[in-house]
Amino acid sequence: TLKAENLATNTLVFFSSDNGPALYSGYDNAGSADPLRGGKCTTYDGGYRVPGIAWWPGIIPAGQVCDDIVSGLDLFPTLVRLCGGRIPPDRKIDGNDIFPLLAGGQDAAGAEEFYYWFSAVRLGDWKYREGLLKLGPKSEDNPSVKQLFNLKKDIGESTNLVDQYPEKVQLLSGKIGAFIKDCQRSVAPQN
């Protein structure tokens with residue numbers, strides 16, 4: 001329809017799922033994120049890592065594949081830029097302008113850091129989870145668990161490296177704490 005209406009060359013189409021399978025639902029056919037662990041309402045990658053498809057003829061190169069970290073939060077700043085807008089500099093916006101990445105820029109990159117709720121963070125290939133909520137009967141989340149994974153070597157988050165890399169745990173746990181404090185400041189009433 002976009003092609004038939006001569007709108008394809010000035011229309012960005014972005015398609016993605018919001019979360020992985022609803023494993024907490026109790027249904028045996030809720031889906032699978034294999035080889036990823038977990039699903040919706042967990043901070044395992046099975047709940048977050050979903051496909052995204054962007055289409056814009058003449059702007060986004062056909063057939064390119066990207067495995068950088070991007071999220072739905074990135075759509076707002078990207079669309080603001082594409083519409084000729086500007087985000088006021090006094091606002092902190094979650095998400096990044098990913099247009100250079102979509103357009104196939106050689107030096108473009110997604111986020112290096114990504115926060116999963118207030119209980120997990122990814123930095124490059126490393127992911128750390130702590131102090132998690134228990135959500136639903138099939139949830140694997142447990143408030144006492146501390147887990148560290150190298151996602152490049154262990155996409156299924158099956159080998160907990162928390163004891164082998166205490167310096168990574170300290171760094172990433174500190175990032176979660178700073179993120180929580182930053183979020184609390186941004187919602188605190190202003191006088």
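Tutor: Two strands are taken to pair if DSSP finds at least two bridges between them, and strands themselves are DSSP runs (E, at least two residues), as helices are (H or I, at least four), numbered from the N terminus. The model is a predicted one, in which local features need pLDDT of at least 70 and side-chain atom pairs count only at pLDDT 80 or more, while totals for chains, interfaces and linings use all residues. Residues are numbered from 1 along each chain as its sequence is written, and side-chain values use heavy atoms, with hydrogens and water left out.

The open sheet consists of 4 strands in the order β3-β4-β5-β6, with antiparallel pairing. Its edges are β3 (113-116) and β6 (146-150), each of which pairs on one side only. Neighbouring strands of the sheet are turned by 10° against each other on average, direction ignored; the axes behind this angle are lines fitted to C-alpha atoms. Strand β5 (residues 126-130) runs antiparallel to β6 and is joined to it by 5 bridges. Across this pairing, Arg129 has Gln147 of β6 as its bridge partner.

As for the setting, the chain holds 3 helices and 6 strands, which follow one another from the N terminus as β-β-α-α-β-β-β-β-α. Its C-alpha trace spans about 55 × 50 × 35 Å along the principal axes. Among contacts (heavy atoms within 4.5 Å) with a separation of 6 or more, 54% are between residues 24 or more positions apart. Of the 191 residues, 30% count as buried, meaning under 20% relative accessible area with a 1.4 Å probe, protein chains only.

Terms used:
Buried < 20%, exposed > 50% of the residue type's maximum accessible area, 1.4 Å probe, protein only. Axes fitted to C-alpha atoms, helices over the stretch in contact; angles between N-to-C directions.
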